Amino acid sequence: GGPEGITLANRAALDQLGFASAAELNRHIGTLADEIRTRDFESNQPIPVERQAFARAFGGERIVQDVRVRHRVTGEERVVRCAAAPVRVGERVIGAVAVNTDVTEQKRNEAAL
């Protein structure tokens, strides 16, 4: 996938955000970010598309970013750690991969300490 959309996603990634299929998730990352209300974990402010992990990885950066997201179906807020990296052929970035880990409980426990 590129900034235009996500082309592959496993079941866990879909369930995490409330999507039925990878095809349903395949939309511009700006549209997706608006739908799931992607916000910075610390500031709770919306993250501009170009500053989001997936877009930054597509730009050649390796990044780990904690974000607040809203589940599309239940509306529940979750905290997701997004680790993203570029996929290169030689010097050219041809895509990006991201592993999203739900860290909601971890963050709740840290806040309680």
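Is glutamate 77 buried, partly exposed or exposed? In this predicted model, glutamate 77 is partly exposed, with a relative accessible area of 33%; buried means under 20% relative accessible area, exposed over 50%, and partly exposed in between (1.4 Å probe, protein chains only). Local features were taken at pLDDT of at least 70 and side-chain atom pairs at pLDDT 80 or more, while totals for chains, interfaces and linings use all residues. Residues are numbered from 1 along each chain as its sequence is written, and side-chain values use heavy atoms, without hydrogens and water.

The protein chain contains five helices and four strands, arranged along the sequence as α-α-α-β-α-β-β-β-α. Helices (H or I, at least four residues) and strands (E, at least two) are DSSP runs, numbered from the N terminus. Of the 113 residues in the protein chain, 38% are buried. The accessible surface of the chain is about 6,600 Å², and 52% of this belongs to carbon and sulfur atoms; accessible areas come from the Shrake-Rupley method with a 1.4 Å probe, and for residues only the protein chains shown count as cover.

A nonpolar core is a set of buried Ala, Val, Leu, Ile, Met, Phe, Trp, Tyr and Cys residues joined through side-chain atoms within 4.5 Å. The largest such core has 10 residues, among them Leu14, Phe19, Ile36, Val67 and Val69. Helix H1 (11-17), helix H3 (29-36) and strand S2 (63-70) each contribute at least two residues to this core. A second, separate core of seven residues includes Ala53, Phe54, Ala84 and Ala96. Apart from its neighbours within four places in sequence, isoleucine 36 is in contact (heavy atoms within 4.5 Å) with Leu17, Phe19, Val69, Arg70 and Arg72.

A salt bridge is a side-chain nitrogen of Lys or Arg within 4 Å of a carboxyl oxygen of Asp or Glu, and nine salt bridges were counted by this rule. Lysine 107 pairs with aspartate 66, with the closest N and O atoms 3.1 Å apart. This pair links distant parts of the chain, since lysine 107 lies in helix H5 (residues 104-112) and aspartate 66 in strand S2, 41 residues apart. Lysine 107 is buried at 13% relative accessible area, and aspartate 66 is buried at 17%.

Glutamate 77 forms a salt bridge with arginine 68, the closest N and O atoms being 3.0 Å apart. Arginine 68 is buried, with a relative accessible area of 18%.
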